[in-house]
Amino acid sequence: MKASEAFESVRGLISEKYKVCGWKYSKSGHSMTKKDKNFMYKVFFYTSWNNISNKNVAFYGECAIIPLKSKDKIFHINTRKCNVPSGQLYWNVASEKDWDRTVKEFTNWLDSLFIPIVERCMNDLDNFVKEVVLRGFYPQRGYVVDISFILTHGSRELAEEATKRYYASLEEPVKKEFKENYESMIGGNEAVSAYGNNMMRNYSQFRTIIENKIIVTV
């Protein structure tokens with residue numbers, strides 16, 4: 001069996017399980033998607049350019065939440081960061097006999113990590129925002145938060161609290177860079193190091209905090 005066929009088959013088996021729950025599978029996009037009035041929830045399926053048919057066909061994935069009015073992911077995590085499958089970078093789906101295990105382990109990962117977050121966002125967003133402020137999206141990976149998400153769907157006060165907790169979660173060398181640049185730039189001055197300039201070039205917590213002038217003591 002060709003590598004592309006094996007990859008496609010496993011994607012199809014996984015997506016079929018979520019069809020009844022309103023997820024739409026995109027064969028060409030290698031993903032499945034669900035939407036509400038605020039967000040697009042997306043599961044990406046990945047493979048490798050170095051696959052060898054009938055020998056080694058990589059399969060792994062990522063899940064993400066993307067605001068409908070933006071292309072920036074407010075939350076995303078992949079199987080590799082979660083050590084799924086255990087002790088490996090990916091599943092090898094070259095052989096059909098390994099598909100059932102792959103589908104089971106991948107859907108268990110989705111059902112335990114991502115689907116609960118999706119359901120909270122869709123059905124209880126106000127309270128979920130407050131929970132994210134307190135513990136982040138995924139406490140097992142530390143304080144994973146998105147300040148823009150808190151500002152948009154919570155309040156400025158909640159965003160200030162999230163900023164304090166985000167700063168506290170940083171490693172000491174990063175804290176120093178954050179503090180020095182924050183204290184300069186929040187007052188309208190220039191960045192004091194490359195950290196400040198780099199954080200402002202792309203979507204980042206630091207950029208959101210500065211652009212929205214979130215005032216906190218760090």
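Before anything else, I noted that contact means heavy atoms within 4.5 Å. Helices here are DSSP runs (H or I, at least four residues), numbered from the N terminus.

This is a predicted model, where local features need pLDDT of at least 70, side-chain atom pairs count only at pLDDT 80 or more, and totals for chains, interfaces and linings use all residues. Residues are numbered from 1 along each chain as its sequence is written, and side-chain values use heavy atoms, with hydrogens and water left out.

**Entry 1: α5 and α6.** I looked up where these two helices touch: Tyr166, Tyr167 and Ala168 of α5 meet Lys175, Phe178 and Lys179 of α6. By class, I got four nonpolar, no polar and two charged residues (Ala, Val, Leu, Ile, Met, Phe, Trp, Tyr, Cys and Pro count as nonpolar, Asp, Glu, Lys and Arg as charged, and the others, Gly among them, as polar).

**Entry 2: α3 and α5.** Which residues of α3 meet α5? I found Val129, Lys130, Val133 and Leu134 in α3, against Leu158, Glu161, Ala162 and Arg165 in α5. This contact has five nonpolar, no polar and three charged residues.

**Entry 3: Phe114.** I skipped its neighbours within four places in sequence and listed what Phe114 contacts: Trp23, Tyr41, Lys42, Val43, Cys63, Ala64, Ile65, Phe75 and Trp109.

**Entry 4: the core.** I checked the largest nonpolar core, which has 64 residues. A nonpolar core is a set of buried Ala, Val, Leu, Ile, Met, Phe, Trp, Tyr and Cys residues joined through side-chain atoms within 4.5 Å; buried means under 20% relative accessible area, exposed over 50%, partly exposed in between (1.4 Å probe, protein chains only). Leu110, Phe114, Phe149 and Phe178 touch the most other members. Helix α2 (residues 99-123) gives this core its largest share, 11 residues.
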